[in-house]
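Trainee: I'm new to reading strands and sheets. Could you walk me through a case?

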Amino acid sequence: MPAYPPEPWRVKMVEPLRVTTRAEREELLREAGWNPCLLRSEDVYVDLFTDSGTNAMSDRQWSALMRGDEAYAGARSFYVFEEAVRTFYGYEHVIPVHQGRGGENILSRCLIRPGTHVPGNMYFPSTRAHQELNGAAFHDVIVDAAHDPASEHPFKGDVDLGKLRAVIAGCGADAIPYVSLAATVNMAGGQPISVANLTETCALAHAHGIPVFLDTARAVENAWLVKQREPGWAGRTVAEILLALCAPTDGAVMSAKKDSLANIGGWLALRDPALAEQARGLVLLYEGLHTYGGMAGRDMEAIAAGIAESVAEDHIRARVAQVEYLGARLGDAGVPIVRPAGGHCVCIDAAAGLPHVPRTEFPGQTLACAVYLEAGVRGVERGAVSAGRDPATGENRWPALELLRLAIPRRVYTRAHIDLVADSVIAVHRTRERITRGLTFAYEPPHLRFFQARFKPAC
Ligand SMILES: *Cc1c(COP(=O)(O)O)cnc(C)c1O
């Protein structure tokens, strides 16, 4: 079992949780159309649906809220926020947005023309949706190991440079507005990209005149995993590694709801002044003035404080260790999980865990329901339901990975909660033969269907 470092914080305020009975959960899940996304949070005991915006803020962040300057234009809080992003991420132009997808929208609109191509290290649903909405086709150029749950590759977020070269050769550099990288790669299970690979990928793209943009939502967690796993980086601080990850890229899209320990917010960070000017123009239309971008002044203060806390070694060590602990407990009990455990989540290989449920009956979604019924723990499907349909053909995509993702909010749950999660997932795994059928759609929305879809038991 990996070390479980004592939390580098103590609890100052509590939020009571409601315990439900199995009979209540069966009724609640039926009402929610067999989609845990549609449950009310008060009906969930341990909520591992996402680590996004679910962070517990520190007393320093709460007190920073009081310093929020709510001026419409040129608020002091914007300059505090801008300074924090510049210092810790190293980009010159900082454009606030209401959350990550606001930045994705702006960047995609600025750079993508219909008929172009965007290569990336696996897709993220909202990122790819914006790229496709603007007319680009997405090309997955991640290493093959990322699609193999059992592979112990330490950097499953790495780009396969051969695949990227093939996309550049096949589509032509002129038809590639940018390369879209993520650190860590959420859909692969929070897997990191190495500094070496990221640097080489940027060199290759730049040699063809193609810029590279980094999704930094979990780049601090990526930096911690680099420190643990990449030769030559063990002696560097997480703050230094974060800067090294950003340095070769042309800009970043950020959801501050992840690493930055905030509940809302984000930014688009750029180096090119002309692109930054264009982006500020669009932020004005879609988000808000370029000195608040859809955030309140107090949000920007909380994020600025959160960024500084996020790179503290004791924080990030305890954060990732909690995830590793859950992964080890499940793995030791024989639950098939994506190896190695990621920076923010443990992903259960539902296709391996429920081999008797056909892919067309969505084993990931089925497992999500079973885990909720067991003890009120909510995870989210990351498989065929999340992958959606191919916009060109209208056919279901069948990704290699069919997962149940358990994402751990930062600084929210104790070790006893994590043990309850482990015990209930292990209990479902031990009785998996009882799950004989999966689910089929009762209602399927056109975009990001996993959020609002309704299901019915297959028969
Ligand atoms: C959450 C997330 C986004 C989108 O950010 P929002 O703040 O939810 O809009 C983009 N990329 C990754 C990797 C994410 O995890």
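Trainee: In what sense do strands S6 and S7 pair, and over how many bridges?

Mentor: Keep in mind that this is a predicted model. In general, strands of a sheet pair through backbone hydrogen bonds, either parallel or antiparallel. Here, strand S6 (residues 212-215) is parallel to S7, with three bridges.

Trainee: How many bridges join S7 to strand S8, and which way do they run?

Mentor: S7 and S8 (residues 266-270) run antiparallel, joined by five bridges. Find glycine 251 and you'll see its bridge partner in S8, leucine 270.

Trainee: Are the faces of S7 covered or open?

Mentor: Check each side in turn. Gly251, Val253 and Ser255 are buried on one side, and Ala252 and Met254 are buried on the other. Five of the five residues of S7 (residues 251-255) are buried, so the rest of the structure largely encloses this strand.

Trainee: What is the strand order in the open sheet of three strands?

Mentor: The order is S9-S12-S11, and the pairing is antiparallel. From one strand to the next, the twist averages 35 degrees. S11 pairs with S12 (residues 403-407) over three bridges, and valine 380 sits opposite arginine 405 in S12.

Trainee: Which strands does helix H14 lie across?

Mentor: H14 (residues 363-375) lies across S9, S11 and S12, at about 45 degrees to S12. Helix H12 (residues 313-332) lies across S9 and S12, at about 25 degrees to S9.

Methods: Residues are numbered from 1 along each chain as its sequence is written. This is a predicted model: local features need pLDDT of at least 70, side-chain atom pairs count only at pLDDT 80 or more; totals for chains, interfaces and linings use all residues. Side-chain values use heavy atoms; hydrogens and water are left out. Buried means under 20% relative accessible area, exposed over 50%, partly exposed in between (1.4 Å probe, protein chains only). Helices (H or I, at least four residues) and strands (E, at least two) are DSSP runs, numbered from the N terminus. Two strands pair if DSSP finds at least two bridges between them. Axes are lines fitted to C-alpha atoms, for helices over the stretch in contact, and angles run from 0 to 180 degrees between N-to-C directions. Contact means heavy atoms within 4.5 Å.
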